[in-house]
Amino acid sequence: MNMTIAWITARGLLGRRRSWLLLPMPVILVGITAIGLAFAAPAVDLADGVLIGLGVAVILPLVSLIVGTGVLGSEIDDGTVVHILTKPIPRSRIILAKLVVASLVSAVTTAAPMFVAATMVGGVRLGLGFAVACVAGAIVYSALFLALSVVTRRPVLVGLLYVVIWEGLLSNVVTGTRTVSVQHYVIEFASALSGSTLFPSTVSTAVAAVMTVVFTVLGTWLATQRLRAFSVAGETS
């Protein structure tokens, strides 16, 4: 049954118009990297401005937001979630199936272009470091945005505010907030896995690893609890 839910979710997600928003982002990332290299931009500038400033800080969370809120949020909006809720399926299985699909789509869409772009900048090891880090980031973001889709009726708007204000602004200005910023976990993973000196890490590997697990579990648990509160009409009781 999990595979059936996952298949239906993937087919519905990729068949919606919002999925077309995913296509330009990888192309933009690789294209800007290529342009920078063509103009002999320093590797340190490309790592900081393109790989982190664009790839990690913008493309990864936006792709995860579009996908994470779409795997369940769209079904809640159009009422098709009722067909799943009326079946004797544990809510946890539904959420896990949705999370797997969201994580896979987000990871592939971000990790592949990040591997290409980072390899162009600093070699295969840097490319692998950023690719694996993006996979981890995609899982965390997907869990958080999936939860957001059942907590609020405006998950995309709330998610954008979170990405812009918390991840984009506060976590880069207020040092203490970096321990609860997914963006900085991804940067640390990329740094640790690649061994690169092109960019500094801002949190320890231990903190990044522990908080990644904590946020993933918390998001999954919250989404499950909120889905359990849904009535057949698709509204929380």
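# Legends to the close-up views

**View A. Arg 226 counts as partly exposed, at 27% relative accessibility.** Here buried stands for under 20% relative accessible area, exposed for over 50%, and partly exposed for what lies in between, computed with a 1.4 Å probe and with protein chains only. The model is predicted: local features require pLDDT of at least 70 and side-chain atom pairs count only at pLDDT 80 or more, while totals for chains, interfaces and linings use all residues. Residues are numbered from 1 along each chain as its sequence is written, and side-chain values rest on heavy atoms, with hydrogens and water left out. Arg 226 is placed in helix 10. Helices are DSSP runs of H or I with at least four residues, strands are runs of E with at least two, and both are numbered from the N terminus. Between the C-alpha atoms of Arg 226 and Leu 148 the distance is 9.8 Å, although the two are 78 residues apart in sequence.

**View B. The protein chain has ten helices and zero strands.** Its order along the sequence reads α-α-α-α-α-α-α-α-α-α. Of the 237 residues in the protein chain, 49% are buried. Contact denotes heavy atoms within 4.5 Å. Among contacts in the protein chain with a separation of 6 or more, 73% join residues 24 or more positions apart. Carbon and sulfur atoms hold 72% of the accessible surface of the protein chain, which totals about 10,900 Å²; accessible areas come from the Shrake-Rupley method with a 1.4 Å probe, and for residues only the protein chains shown count as cover.

**View C. Phe 145 and Tyr 162 form one of the four aromatic pairs in the structure.** The ring centres of Phe 145 and Tyr 162 are 6.2 Å apart and the planes stand at 75°, so this pair is edge-to-face. Phe 145 belongs to helix 7 (residues 124-151) and Tyr 162 to helix 8 (residues 155-173); the pair thus links distant parts of the chain, 17 residues apart. Rings of Phe, Tyr and Trp (its six-membered ring) pair if their centres lie within 6.5 Å; planes under 30 degrees apart are stacked, those over 60 are edge-to-face, and the rest are tilted. Phe 145 is buried at a relative accessible area of 2%, whereas Tyr 162 is partly exposed at 23%. Together with Tyr 141, Phe 145 and Tyr 162 make up one aromatic cluster.

**View D. Tyr 185 and Phe 215 are a stacked pair.** Their ring centres are 6.3 Å apart and their planes meet at 25°, so the pair counts as stacked. Because Tyr 185 lies in helix 9 (residues 182-194) and Phe 215 in helix 10 (residues 205-228), the pair ties together parts 30 residues apart in sequence. Tyr 185 is buried, with a relative accessible area of 1%, and Phe 215 is buried as well, with 16%.

**View E. Val 203 sits in the loop between helix 9 and helix 10.** Val 203 is buried, at 8% relative accessibility. Apart from neighbours within four places in sequence, its contacts are Arg 178, Thr 179, His 184, Tyr 185, Glu 188 and Ala 208. Val 186 is 17 residues away from Val 203 in sequence, with 9.9 Å between the C-alpha atoms.

**View F. Ser 103 is a residue of helix 6 (residues 91-122).** Ser 103 is buried, with 9% relative accessibility. Leaving out residues up to four places away in sequence, Ser 103 touches Ala 138, Ile 139 and Ser 142. In the unreviewed UniProt entry, the annotation "transmembrane region" covers residues 21-44, 50-73, 94-116, 128-148, 155-174 and 203-223; UniProt positions are given in the numbering used here, feature names are shortened, and annotations may be inferred rather than shown by experiment. Residues 94-116 are 100% helix and 0% strand, with 34 Å between the end C-alpha atoms.

**View G. Ala 40 lies in the loop between helix 2 (24-38) and helix 3 (43-68).** Ala 40 has a phi near 60°, a positive value in a residue other than glycine. Most residues other than glycine have a negative phi. Ala 40 is exposed, at 63% relative accessibility. The annotated span of residues 21-44 is 71% helix and 0% strand, and its end C-alpha atoms lie 29 Å apart.
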